[in-house]
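Subject: Structure for your files, with notes

Dear colleague,

I am handing over the structure below, followed by notes on what was found in it. Please read the notes with the model open beside you.

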Amino acid sequence: MKIPELAELRVSLDWVDDHLEVIDQTRLPTDLVTLRLETVAAVVEAIQRLRVRGAPALGACGALGLVVGLDEHRPATAEEARALLDGLAQRIGSARPTAVNLGWAARRVRDAAVAGGDTAEIRRLALAEALAIVAEDRQACQLIGEHGARELEHVHRILTHCNTGRLATTGWGTALAVVYTLAAGGAPVEVLATETRPLLQGARLTAWELADAGVPVRLLADGAAASALAAGMVDAVVVGADRIAANGDTANKIGTYGHAVAAQAAGIPFYVAAPLSTVDLGTASGAGIVIEERDADELRAVQGAPTAPPSVEVWNPAFDVTPHALVTALITEAGVLRPPLARTIAAALRGTGNGTARAD
Ligand code: MRU
């Protein structure tokens, strides 16, 4: 199978002509629209409305968002710039709570930039750090794809959840990087994409981006996944992650846990593909992961069309936690980490606390 080069395809966001440009993912699959985000309010709105989404893309957007904030407010002194960066790291970094990459990237840009002696140097350091985060993400995606393709070289039918590709990162993706790498290597890979209610990231985004790249994809309702697994229609489940605790418990899009349980019942391997920036050593287990709860109207309607009584009570968690015991292995840029995950994660990371550690 011939798939295009990454440079020929669109990714979630980029720094273009000294501005932050993002694909508005709420408009897909019908319209491919690029937005230029020129204010902090626009950056926060884009993150909270899921115009930009997916843990690594959130990190990149948050990082570049601090530069947007410097350009918007134009602080007069280095003191003012440092105070501004503190506020921006807090405001942008906490725009969504679960994906650890967002706060991590915002703090990383702030910490690098405050070392600058004047406003110009602070801005230059902030941009350099944010672009380094983007470059590292692209590289991590590439390596995750390569490690995953080696691990799954005999796997042809992959079930995935939500969107973990070039719309969720600034490179090939995480779980979908494995798919793209297998496809580029000529493997007859086929993706079963769950639609991912309530916001349909699987149907709107994964189905769109795989079809756009020429990779075979088949859409199924979330509720059909367990039957597909039980019926032998799937060789492996590969998903992404928003936060991986120190013991390997993994937060990902709501519905992931159910797929993991069904995969174990069917004897199908369940992989989590994620960069090490998604590991949060400061969180001991999944019990400590903050799960974002989103607006009730996301469940009472689909794309603005009512599907439930307007005042019905709703529980709308955006993520769930898959216990590490259900995870066959983590696919990271440092390689494939196998159980016991607490030990292999610790061995793959250097440093402590917030996922800023890097592979040995
Ligand atoms: O709410 P979203 O769309 O930001 O959720 C995204 C996910 O759950 C992804 O699976 C995860 O961020 C990994 S993206 C490579």
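Four strands make up an open sheet of mixed pairing, in the order S11-S8-S9-S14, where strands are DSSP runs of E of at least two residues and helices are DSSP runs of H or I of at least four, both numbered from the N terminus, and where two strands pair if DSSP finds at least two bridges between them. S14 and strand S11 (279-280) are the edge strands, each pairing on one side only.

Before going further, please note that this is a predicted model, in which local features need pLDDT of at least 70 and side-chain atom pairs count only at pLDDT 80 or more, while totals for chains, interfaces and linings use all residues. Residues are numbered from 1 along each chain as its sequence is written, and side-chain values use heavy atoms, with hydrogens and water left out.

Going through the sheet pair by pair, S8 and S11 run parallel and are joined by two bridges, with Ile244 having Val279 in S11 as its bridge partner. Strand S8 (residues 243-245) and S9 are antiparallel and likewise joined by two bridges, and here Arg243 stands opposite Ala251 in S9. These two strands, S8 and S9, form a hairpin with four residues between them, and Gly248 in the turn has a positive phi of about 95°.

The ligand comes next. It is surrounded by 18 residues, of which the closest are Arg53, Arg96, Asp242, Asn252 and Lys253; a residue is counted here if one of its heavy atoms lies within 4 Å of the molecule. By class, this shell divides into seven nonpolar, seven polar and four charged residues, with Ala, Val, Leu, Ile, Met, Phe, Trp, Tyr, Cys and Pro taken as nonpolar, Asp, Glu, Lys and Arg as charged, and the others, Gly among them, as polar.

The protein covers 100% of the 420 Å² of accessible area that the ligand has on its own, as given by the Shrake-Rupley method with a 1.4 Å probe. Helix H2 (55-73) and strand S9 (250-253) are the elements that give two or more residues to the shell around the ligand.

The peptide bond from Leu28 to Pro29 is cis, with omega near 10°, and Pro29 lies in the loop between strand S2 (19-23) and strand S3 (34-37). Another cis peptide bond joins Arg197 and Pro198, with omega about 5°, and Pro198 is found in the loop between strand S5 (190-194) and helix H7 (201-213). Cys162, although not a glycine, has a positive phi of about 65°, and this residue lies in the loop between strand S4 (157-160) and helix H6 (175-184).
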